Amino acid sequence: MKKRAYYSVRTGKNPQSLELDLSVLLRLFGPLYQSFVNKGYFQEAFGYYCVDAGDISGILGSDIEACILRLLRKSNLWPIENYLTSYREDDLFDIIEFLYDHISKPVESEGYYHGYSDCGWHYNKFDQVAGRQEYCEEINGLLSDYQGGYELSNDGEILALAESGLETLLQASIPEYDQDNITVRIEAAKLKFRRYRSSMDDRRDAIRDLADVLEFLRPKLKTVMDSKDEGDLFNIANNFGIRHHREGQKTNYDKNIWYSWMFYFFLSTIHVGLRLIKRSEEAKPR
């Protein structure tokens, strides 16, 4: 279902529209989860109850609680409807990721309706890709409004949303140049920076990874950038406690604010630098 901003939200007249707190998120998650249960999206993994055959196990077996304990190392999470109101934030996020791993959309043509006592639909073929896509779309409609904003990625990991106005930068494809030394490292840095509850050390490491990509590109950047601009890039990384650990570095600053600025600054610089390098190389006579 496409998320729509109704009148009071659009006009800023709804004080509750800015951010969801945990209690509201839990309240909204419950019916969303149940809607997927009712449509059979968890039959493949969790099984179902049949009035004739009794409990039919899914691929996770008959003891889902034990499965969750093994995978998440937590108890008192299952059944979800019994424990949901007592979930902490990390409990809910763990369950959201767990459900992503085990959701699959029933293929209606491969199911049948058991009419006795209105038992319901039973399926034997499922589409995991379609199920995950629908689940992400629905759950992200809630997560985007929780606290500073989160999303469930296509890999099933909860990530912090990009800061307002910078979404396009995170989504933009890296210009093709060097898959291993550039693209793979940038994607890893973005993931490290955006992970749920990433620490300041994680964020510093992500910035350092981007700085290392710039270092790799430095010989070519010198040919397309003003020498002062090129030098300023590495002044930030080298003298503000990002890449090296030495006396005289500036570290007395609000890292929560400045790390974010450094990350997006380096990321955007890589995008610009790669485009300038590619344009320069393409302009050379062959």
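This is a dialogue on reading a predicted model, one feature at a time.

Q: How many helices and strands are there in the chain, and what share of its residues count as buried?

A: A first reading of a predicted model begins with overall counts. The chain holds 12 helices and eight strands, and of its 286 residues 38% count as buried. The accessible surface of the chain comes to about 16900 Å², with carbon and sulfur atoms accounting for 48% of that area. As for how the chain folds back on itself, 62% of the contacts between residues at least 6 apart in sequence join residues at least 24 apart.

Q: At what angle do helix α6 and helix α7 pack, and which residues make the contact?

A: The packing of two helices is read from the angle between their directions and the distance between their axes. Helix α6 (residues 89-102) and helix α7 (residues 128-143) pack at an angle of about 155 degrees, and their axes are 9 Å apart. Angles over 145 degrees count as roughly antiparallel, and α6 and α7 are therefore roughly antiparallel to each other. On the α6 side the contact is made by Phe93, Ile95, Ile96, Leu99, Tyr100 and Asp101, while α7 contributes Gln128, Arg132, Tyr135, Cys136, Ile139 and Leu143. Sorted by class, this contact has nine nonpolar residues, one polar residue and two charged residues.

Q: Where do Lys74 and Asp91 lie in the chain, and are Lys74 and Asp91 buried or exposed?

A: The side chains of Lys74 and Asp91 meet in a salt bridge, at 2.8 Å from N to O. Lys74 is in the loop between α4 (64-72) and α5 (80-83) and Asp91 is in helix α6, so that the pair, 17 residues apart, links distant parts of the chain. Buried means under 20% relative accessible area; Lys74, at 15%, is therefore buried, and Asp91, at 7%, is buried as well.

Q: Where do Asp201 and Arg204 lie, and how many residues apart are they?

A: A salt bridge may also be placed within one element. Asp201 and Arg204 form a salt bridge whose closest N and O atoms are 3.1 Å apart, and both residues lie in helix α10 (residues 200-221), three residues apart, which is about one turn of the helix. Asp201 counts as partly exposed at 43% relative accessibility, and Arg204 also counts as partly exposed, at 23%. Elsewhere, salt bridges that share partners join Lys74, Arg88, Asp90, Asp91 and Asp94 into one network.

Q: Which peptide bond is cis, and what is the phi of Asn76 and of Asp118?

A: The peptide bond from Trp78 to Pro79 is cis, with omega near 0 degrees, and Pro79 is found in the loop between α4 and α5. Asn76, placed in the loop between α4 and α5, has phi near 60 degrees, a positive value in a residue other than glycine; Asn76 counts as partly exposed, at 44% relative accessibility. Asp118 has phi near 55 degrees, again a positive value in a residue other than glycine. The place of Asp118 is in the loop between β4 (111-114) and β5 (120-123), and Asp118 counts as exposed, at 57% relative accessibility.

Q: Which residues does Tyr146 touch, and with which residues is Pro175 in contact?

A: Tyr146, in the loop between α7 and β7 (150-152), is buried, with a relative accessible area of 2%. Not counting residues up to four places away in sequence, Tyr146 touches Leu20, Asp21, Leu22, Leu25, Glu89 and Phe93. The C-alpha atoms of Tyr146 and Glu19 are separated by 5.4 Å, although these residues are 127 apart along the chain. Pro175 is found in the loop between α8 (167-171) and α9 (179-194) and counts as buried, at 10% relative accessibility. Leaving aside neighbours within four places in sequence, Pro175 is in contact with His271, Leu274, Arg275 and Lys278. Pro175 and Gly273, 98 residues apart in sequence, are 9.9 Å apart from C-alpha to C-alpha.

Key. Residues numbered from 1 in each chain as written. Predicted model: local features only at pLDDT ≥ 70, side-chain atom pairs only at ≥ 80, totals over all residues. Heavy atoms only, no water. Axes fitted to C-alpha atoms, helices over the stretch in contact; angles between N-to-C directions. Helix = DSSP H or I, 4+ residues; strand = E, 2+ residues; numbered from the N terminus. Parallel < 35°, antiparallel > 145°, perpendicular 65-115°, else oblique. Contact = heavy atoms within 4.5 Å. Nonpolar A, V, L, I, M, F, W, Y, C, P; charged D, E, K, R; others polar. Buried < 20%, exposed > 50% of the residue type's maximum accessible area, 1.4 Å probe, protein only. Areas by Shrake-Rupley, 256 points an atom, 1.4 Å probe, with all protein chains shown as cover. Salt bridge = Lys/Arg side-chain N within 4 Å of Asp/Glu carboxyl O.
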